[in-house]
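Me: I am new to this structure and would like to learn how to read it. Could you walk me through its features one at a time?

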Amino acid sequence: MTMNEIIIEAKNIHKSFYKQNEHKLEILKGVSLQVESKMISVIVGASGAGKSTLLHILSGLDNADEGEVKIKGTNIFSLHDDKLSKFRNKHIGFVFQFHHLLPEFDAAENVAIPLMIYGETKLKAVKRAEELLALVGLSDRLHHKPAELSGGEQQRVAVARALANNPDIIFADEPTGNLDSINSEALHNLFVKLRDELKVTFLIVTHNPQLVGLGDKVFEMKDGKIF
Ligand SMILES: Nc1ncnc2c1ncn2[C@@H]1O[C@H](COP(=O)(O)OP(=O)(O)O)[C@@H](O)[C@H]1O
Ligand SMILES: [Mg+2]
């Protein structure tokens, strides 16, 4: 079987946190991993193991103390400020455990606003938002505000928003952590559909055994490393 391209390559990532007057808390102790494109890879591990910290570093939301992250061959730590946000905007989408949707805007606006911030006209952004919301099965919820949507629907809007710029990779941090089993299953099916139809690469932190089961590749985080 031929391997897909390696889309994320992390080498020897170290990260510590310091609390005033306390000794240093070493969270990542030399994490290396390779993520294949067009697949669903999952990261499992105990609470507090450093999974969110790692996902934030791999996606350029946070920096490491040591090590290297390459995404599509680009060393993301060599990019700064504007260049990094442009790179992230072009290649990366992120879905959080809590949807982080803007409460005062409806579903279509929540997906369209990031597109407009990056220079799309309102007309085009709204059209694209409607297409994406159709893709995630929410054509009949375009003008619902987050509070008028179920938890599962909120997460599907968050996925549509993450897809807005056609990213290569979607990072998701415990995306079904607050969902019941029916809504979780719907979200899992959506990830599989997006992998197969749009060839999106997923790197997902999860505790959900069903989602782990769907993973093409499973990484285990333990003692500050990946196995
Ligand atoms: N900004 C921070 N400052 C200090 N400690 C932190 C910070 N972020 C995370 N930690 C600590 O690092 C450890 C790993 O956190 P996290 O990456 O959120 O774990 P996980 O997602 O696997 O549950 C935890 O013990 C947490 O308290
Ligand atoms: Mg976490």
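Reply: Let's begin with a pair of strands: β7 and β8 run parallel to each other and are joined by five bridges. Helices (H or I, at least four residues) and strands (E, at least two) are DSSP runs, numbered from the N terminus, and two strands pair if DSSP finds at least two bridges between them. Please keep in mind that this is a predicted model, where local features need pLDDT of at least 70, side-chain atom pairs count only at pLDDT 80 or more, and totals for chains, interfaces and linings use all residues. Residues are numbered from 1 along each chain as its sequence is written, chains are lettered from A and ligands numbered from 1 in the order in which they are written, and side-chain values use heavy atoms, with hydrogens and water left out.

Me: Which residue of β8 is the bridge partner of Phe171?

Reply: The partner of Phe171 in β8 is Leu203. On the other hand, β7 also pairs with β6, again in the parallel sense, over four bridges. There, Gly93 stands opposite Ile170 of β7.

Me: In what order do the strands of that open sheet of six strands come?

Reply: As a general idea, strands of a sheet pair through backbone hydrogen bonds, either parallel or antiparallel. In this case the order is β6-β7-β8-β3-β9-β10, and the pairing is mixed. At the edges are β6 and β10 (225–226), each of which pairs on one side only. Strand β3 (residues 40–44) runs parallel to strand β8 (residues 201–205), with four bridges between them. Ile43 is the residue opposite Val205 in β8.

Me: How many of the residues of β7 are buried?

Reply: The term first: buried means under 20% relative accessible area, exposed over 50%, and partly exposed in between (1.4 Å probe, protein chains only). Five of the five residues of β7 are buried, so this strand is largely enclosed by the rest of the structure. Ile169, Phe171 and Asp173 point one way from β7, while Ile170 and Ala172 point the other way.

Me: How do I read an aromatic pair?

Reply: A pair of aromatic rings is described by the distance of the centres and the angle of the planes. Rings of Phe, Tyr and Trp (its six-membered ring) pair if their centres lie within 6.5 Å; planes under 30 degrees apart count as stacked, over 60 as edge-to-face and the rest as tilted. The whole structure holds three aromatic pairs. One of them is Phe94 with Phe171, a stacked pair with 6.1 Å from centre to centre and 20 degrees between the planes. This pair links distant parts of the chain, since Phe94 sits in strand β6 (residues 92–95) and Phe171 in strand β7 (residues 169–173), 77 residues apart. Phe94 counts as buried because its relative accessible area is 10%, and Phe171 is buried too, at 0%. Ring pairs also join Phe94, Phe96 and Phe171 into a cluster.

Me: What is the order of the open sheet formed by four strands?

Reply: The order is β2-β1-β4-β5, with antiparallel pairing. Its edge strands, β2 (25–36) and β5 (74–75), each pair on one side only. Strand β1 (residues 6–17) and β2 are joined by nine bridges, and Ile8 stands opposite Val35 in β2. Strand β1 also contains Asn12, whose phi is positive, about 55 degrees, although Asn12 is not a glycine. Asn12 is partly exposed, because its relative accessibility is 36%.

Me: Which residues surround ligand 1?

Reply: A residue is near a molecule or strand if one of its heavy atoms lies within 4 Å of it. The residues around ligand 1 are Phe17, Lys19, Ile27, Ala46, Ser47, Gly48, Ala49, Gly50, Lys51, Ser52 and Thr53. Helix α1 (residues 51–58) gives the most to this shell, with three residues.
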